[in-house]
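Please read the following note beside the coordinates.

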Amino acid sequence: IKLTGISNKWALAFAKHLAERNQPTWIRYVVVPGYTTDLKWARGLAEFLQGMHNVTKIDILPYHELGKHKWEILGEKYPLD
């Protein structure tokens with residue numbers, strides 16, 4: 001919530017739904033300095049995914065600022081500046 005402004009409850013519920021359907025799924029985990037670099041976050045993800053046999057791949061992605069310009073165009077402050 002601190003980073004995105006919204007809860008992840010819907011994303012987690014959707015992941016559980018995909019697992020129930022046994023829908024092959026890729027997980028994308030973004031490493032954001034100061035937010036998701038602590039191992040506790042990766043461990044939490046691993047615990048959540050435990051038993052989800054539909055997960056075929058986990059991508060660990062570095063943080064980037066490719067969308068920063070969109071915030072600037074909208075006149076908004078970029079939250080990760």
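How many salt bridges does the count come to by the distance rule? The points below begin with that.

1. The count comes to one salt bridge, a salt bridge being a side-chain nitrogen of Lys or Arg within 4 Å of a carboxyl oxygen of Asp or Glu. This is a predicted model, in which local features need pLDDT of at least 70 and side-chain atom pairs count only at pLDDT 80 or more, while totals for chains, interfaces and linings use all residues. Residues are numbered from 1 along each chain as its sequence is written, and side-chain values use heavy atoms, with hydrogens and water left out.

2. The pair is Lys57 and Asp59, with 3.8 Å between the closest N and O atoms. Lys57 counts as partly exposed because its relative accessibility is 34%, whereas Asp59, at 17%, counts as buried. The classes are buried under 20% relative accessible area, exposed over 50% and partly exposed in between, with a 1.4 Å probe and protein chains only.

3. Gln23 lies in the loop between helix H1 (9–21) and strand S1 (25–31). Its relative accessibility is 34%, so Gln23 counts as partly exposed. Leaving aside residues up to four places away in sequence, Gln23 touches Leu18 and Asn54; contact means heavy atoms within 4.5 Å. Val55 is 32 residues from Gln23 in sequence, and their C-alpha atoms are 8.2 Å apart.

4. The secondary structure consists of three helices and two strands, in the order α-β-α-β-α along the sequence. Helices (H or I, at least four residues) and strands (E, at least two) are DSSP runs, numbered from the N terminus. Of the contacts with a separation of 6 or more, 67% are between residues 24 or more positions apart.

5. Along the principal axes, the C-alpha atoms fill a box of roughly 40 × 25 × 20 Å. Buried residues make up 16% of the 81 residues.

6. The accessible surface is about 6800 Å², and 59% of it belongs to carbon and sulfur atoms. Areas come from the Shrake-Rupley method with a 1.4 Å probe.
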